[in-house]
Structures are given as C-alpha cells and as structure tokens.
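Here is a short briefing on one protein model. Look at the sequence and structure first, then read the points by topic.

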Amino acid sequence: MLEHLKAEVCDGNLELPRHGLVTWTSGNLSARDPQTGLVVIKPSGMAYEGMTPDDMVVVDLDGKVVEGVHGPSSDTASHLYVYRRRHDIRSIIHTHSTFATAWAATGQDIPCCLTAIADEFGGPVPCGDYAQIGTEQIGEQIMRFVDQCPAVLLKKHGVFTVGTSIARAVKGAVMVEDVARTVTYAKLIGEISPLPQSEIDANHDRYTNRYGTAAASSGVTL
C-alpha cells in the first residue's frame, strides 16, 4: 500500500540527520496521500540508520493504523490535526535542531532581521505556546501560525515545518535552522533589529514570485 509514498517519506526522514536536524531517534516526517487521504509517517522510537520504506507506518486521518509493523510516531495526533484542517498541506516535519530549538527553549520568535528570513518565511519565525507531546495541542499551535509562516517553534520543545510537498517541508526545516544559527551568532556580536515591513514584503514577494524565473526561462543555471 502506497509503496511510492512510503519510499518518499523514508527518504525525507533520512534527509533530517543528513542535514544535522535530528539526533538518535528524535524527530519525524509525514506525508499525506491526496487520493486516499491516508498519511505515511515515521515509526515511533526508531533510529534513522537502517530505516527502510517498509518501516513506515500508514494511518488514516483518525489515527488508526492501516498498515505497518511498528507503532506510529508519538507526534501523529499533531500531524493529523493539521492534515484534517488544511488539505493543501502535504507534508509535516518535526525536529529538535539545535539553534532553532534554543530559540524555542527561551520562548522567543526568531526576528526577521535578515533578507534570508524575509525571503523564506515572510516575517519572523513565530514561537507558539507550550503543548503536551502526543496530543492535538501541538497541532493547534501549528494552526495558529500556518497562514503566516511555514515554520513554527514550540515553546520548550522544538520545531515544526509544513509544506505542499516533502521537499518544501524539508527546505523549511533546513532554512529555519540556518537562520536561527546566524541570528544567534549575530546576537553575540551586537544588537540586532528587524527589517522594515516594506522590505520584508518586497523580499518575500521577489523570492516567492520571481526568484529563479529568468534563469529557468533562459536555460541558465545559477
């Protein structure tokens, strides 16, 4: 069942340790099949090394295991809460990446003080409230911010990103850690201040709607 999606979800999960976003068994990635509505997610407590597509767990939107020899991730309820409410979201990722989670530990938004943050996120990366693991509370916090940012920090916990594809969700997870690291170092050097809203809007529009289009049309690779 959903063999192709299970392979994609397995590959997506394996991207997380490759980018240094998870350690040991922490973190997870899921994806929803638009035809059946079924969700494929990483199994609970499984190390990434040696993970195969057959280890992935298929659940329905109510959390019932449809296929799998392992239990689904402890964050399954959070993922499903979002999928039931946003049909455009195809993939959700949870990480404890070091720098972004450090901001979550302090309960602070990552300020939009760089063009890279404006480009990718269109404003600050928000930090939601504390929520209990294994409940829909995390999904509620994601839904609070999903219209303004594809990445959400969870206070005292970690990072969640969403995307219209696995690749987009992975990119969000990589980029939020990258900007969190840069801003952390910047604060060690001196005071930081946010970009003006007009510049945030202009950069996000350029990056979202025009970045790469000229190169694509001309056949030039940048």
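Cys113 counts as buried, at 17% relative accessibility. Buried means under 20% relative accessible area, exposed means over 50%, and partly exposed lies in between, with a 1.4 Å probe and protein chains only. This is a predicted model: local features need pLDDT of at least 70, side-chain atom pairs count only at pLDDT 80 or more, and totals for chains, interfaces and linings use all residues. Residues are numbered from 1 along each chain as its sequence is written, and side-chain values use heavy atoms, with hydrogens and water left out.

**Cysteines**

- The structure holds zero disulfides. A disulfide is a pair of cysteine sulfur atoms within 2.5 Å.

**Strand S8 and its partners**

- Helices (H or I, at least four residues) and strands (E, at least two) are DSSP runs, numbered from the N terminus.
- Strand S8 covers residues 158-163. S8 is mostly covered, with six of its six residues buried.
- Two strands pair if DSSP finds at least two bridges between them.
- Strand S5 (residues 91-95) runs antiparallel to S8, and five bridges join them. Ile92 has Val162 in S8 as its bridge partner.
- S7 also runs antiparallel to S8, joined by four bridges. Here Ala151 has Thr161 in S8 as its bridge partner.

**Largest pocket**

- Rolling a probe the size of a water molecule over the atoms shows where empty space is left.
- The search uses a 1 Å grid over the protein atoms alone. A pocket is an open set of points where a 1.4 Å probe fits, with protein on both sides within 12 Å along at least five of seven lines. Lining residues have an atom within 4 Å of a point.
- The largest pocket has a volume of about 580 Å³. Volume is the space filled by probe spheres set on the points, and grid points are joined across faces, edges and corners.
- The lining of the largest pocket has 20 residues, and the closest to the centre are Glu120, Pro150, Val162, Thr164 and Arg168.
- Which elements give two or more residues to the lining of the largest pocket? They are helix H4 (115-121), strand S8 (158-163), helix H6 (166-189) and helix H7 (197-209).
- By class, this lining has seven nonpolar, six polar and seven charged residues. Ala, Val, Leu, Ile, Met, Phe, Trp, Tyr, Cys and Pro count as nonpolar; Asp, Glu, Lys and Arg count as charged; the others, Gly among them, count as polar.

**Positive phi**

- Most residues other than glycine have a negative phi.
- Trp24 is not a glycine, yet its phi is positive, near 55 degrees. Trp24 sits in the loop between helix H1 (3-18) and strand S1 (28-32). At 74% relative accessibility, Trp24 is exposed.
- Lys156 has a positive phi of about 65 degrees, and is not a glycine either. Lys156 belongs to the hairpin of S7 and S8, which has three residues between the strands. Lys156 is exposed, with a relative accessible area of 56%.

**Lys187**

- Lys187 is found in helix H6. Is Lys187 buried or partly exposed? At 43% relative accessibility, Lys187 counts as partly exposed.
- Leaving aside neighbours within four places in sequence, Lys187 is in contact with Trp103 and Ile192. Contact means heavy atoms within 4.5 Å.
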